[in-house]
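Good morning, colleagues. I shall begin by putting the sequence and the structure on the screen, and then take you through the main features in order.

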Amino acid sequence: MAGGQERILRRRIKSVQATRKITKAMELIAASQISRSQARIFANRPYRQGMQRIIIEAALGDPAAAEKLLSMPDTVETAIVVVVAGDRGLSGAYNSSALRAGERLIKQLQSQGTTVRLFCVGKKAAPFYRFRGLDVERSFVGFADRPNFSDARLIASVVAAPFTQGQAQEVLLVSTRFLSAGSQSVETERLLPLSVPDAPIDETPKVLKGYTEFEPDVKELLTSLAPRALESEIFSALLEGAASFHISQQRAMAAATDNADDLGQSLTRIMNRARQDSITTEIMEIVGGAEALRSGK
Amino acid sequence: MTTLLVEIVTPEAALWSGPATALIARSSVGDFTILPQHTSTVGDLVPGIVRVDTSEGEVSFCVHGGYFQVTPDGADGVTRATVLAGIAELTSEIDVARAHAAKDAAQEELNAAQRSDATDASALALARDALARAELRLSVSEK
């Protein structure tokens, strides 16, 4: 039956076009979220940099106290690993690259004899690790697309508790950093003990030198500063993760839309040929029939 | 002319910034006032009111704990005072009805958390924080 082939193709084209509409819509939505999430990163920058400046200032003000509070312990028996991934899929390599980096880090820590306690952000993270037989202590879901500062506070308070109680010696964060609209990369950073940022980001170090007053003294200040700095770092990681997620999704969906276009085009060609073939066959049959009738006369 | 440039910054946005004549707030050590040409200082802020005096009048903020840094006289002769607060708002923008509702909700959550032994310490701490914030907002808006 000639018409059957055509009908099947027509149905496939329709399905490809429907999928294309979905991917196109997702692409546009992701694109609109990119600028919004980027604006939130920029809005967060003054706070984050201010926090880092205060830590630098405090560390310079009393190096001995800072050394004691900020230095790494000699042995890390238990490390806390926080992995930031997304709540949704269909976003290219965003989730899998962060999750894989986390897995590598965990393997590496375990091979050194360190016990790892794992915390996850994003719906996609916990199942990944559970499938691989790793225990996820707690998974934070539902805000990876649009994180609020209160979400960061929640994570910080949960993650910092074992550290302050002395059950863990180190807190590590694996997340996707937003370097620019064109490049994002998965990075691992140490949240606790606090690391002193290498250099102030925007200001010349001359204002940092000299005598500075502290209220209260450096030791107390650094102790109370640690959880706040943790919140700040986690929040910026969440924001950058969200922006990276949207960029990655936009790119993936743009590629999917292009593929759907190509597929639709080639299917249309095949369908047209099938239709033409069936018409040709029909004409041949008619002509053949007419010829047979005439010669039979 | 030396001036004081005040910035109130929260993680979500820079809340306010502009020239000022004085910054008045309270740290864990006590009340303090920052004037132009103040020396380099770093300190914390206890939850309460941060007042900024400008030439057009005063602006006050409800700050739920935070830090401040003063960096004096850069090349441009400006003393910069930066207030970093996890949560802060303009006193004039406090929604009293919402604060009342938040206080009740936080109180309830706290009671529930205290009744059951199963809740973890962080949930308790968060409920306590929420209650403290609501109470501070109410006490500030009553003034």
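Please keep in mind throughout that this is a predicted model. Let me start with chain A as a whole. Of its 297 residues, 35% are buried. Its secondary structure consists of six helices and six strands, and their order along the sequence is α-α-β-α-β-α-β-α-β-β-β-α. Chain A is more spread out than a compact globule, because its radius of gyration is 29 Å, well over the 19 Å that the globule rule gives for 297 residues. The box that holds its C-alpha atoms, taken along the principal axes, is roughly 120 × 40 × 25 Å. As for contacts, among those in chain A with a separation of 6 or more, 79% are between residues 24 or more positions apart.

Where does helix 6 of chain A bend? The bend is at L225(A) and comes to about 35°, with a proline, P227(A), following within four residues.

Helix 5 of chain A can be checked in the same manner. It has 16 residues and should span 22 Å, and with its end C-alpha atoms 21 Å apart, the two values agree. The buried residues in helix 5 of chain A are F149(A), A152(A), R153(A), I155(A), A156(A), V158(A), V159(A), A160(A) and F163(A). Just after helix 5 of chain A, G166(A) has a positive phi of about 80°.

Next, the contact between the chains. Chain A contributes 30 residues to it and chain B contributes 26 residues. On the side of chain A that touches chain B, the elements giving two or more residues are helix 1 (2-61), helix 5 (149-164), strand 6 (213-215) and helix 6. Which of these gives the most? It is helix 1 of chain A, with ten residues. Sorted by class, this side of chain A has 17 nonpolar, seven polar and six charged residues.

Strand pairing also crosses between the chains. Strand 6 of chain A runs parallel to strand 5 of chain B, residues 41-45, and three bridges join them. Within this pairing, E215(A) has G43(B) as its bridge partner.

That brings me to chain B, and to its strand 1, residues 3-9. Five of the seven residues of this strand are buried, so strand 1 is largely enclosed by the rest of the structure. Strand 1 of chain B is joined by seven bridges to strand 9, residues 78-85, and the two run parallel; there, I8(B) is partnered with V83(B). Strand 1 of chain B is also joined to strand 2, residues 14-20, by six bridges, in this case antiparallel. V6(B) has G18(B) as its partner in strand 2, and a hairpin of four residues links strands 1 and 2 of chain B.

Strand 3 of chain B pairs with strand 6 of chain B, residues 48-54, in the antiparallel sense over three bridges, and I24(B) stands opposite R51(B). Strand 3 of chain B is also antiparallel to strand 4 of chain B, with four bridges, and L23(B) is partnered with I34(B). In the hairpin of strands 3 and 4 of chain B, four residues lie between the strands, and G30(B) takes a positive phi near 160°.

Is D31(B) buried or exposed? It is exposed, with 10 other C-beta atoms within 10 Å, where the cut-off for exposed is 12 or fewer. D31(B) and V46(B) are 15 residues apart in sequence, and their C-alpha atoms are 9.8 Å apart in space.

Thank you for your attention.

Technical notes:
Residues are numbered from 1 along each chain as its sequence is written. Chains are lettered from A and ligands numbered from 1 in the order in which they are written. This is a predicted model: local features need pLDDT of at least 70, side-chain atom pairs count only at pLDDT 80 or more; totals for chains, interfaces and linings use all residues. The radius of gyration is taken over C-alpha atoms; the globule rule is 2.2 Å times the number of residues to the power 0.38. A residue is buried if 20 or more other C-beta atoms lie within 10 Å of its own, exposed if 12 or fewer, and partly exposed in between; C-beta atoms are placed from the backbone. Two residues are in contact if their C-beta atoms, placed from the backbone, lie within 7 Å. The bend at a residue is the angle between axes fitted to the seven residues ending there and the seven starting there. Ala, Val, Leu, Ile, Met, Phe, Trp, Tyr, Cys and Pro count as nonpolar, Asp, Glu, Lys and Arg as charged, and the others, Gly among them, as polar. Two strands pair if DSSP finds at least two bridges between them. The expected span of a helix is 1.5 Å times one less than its number of residues.
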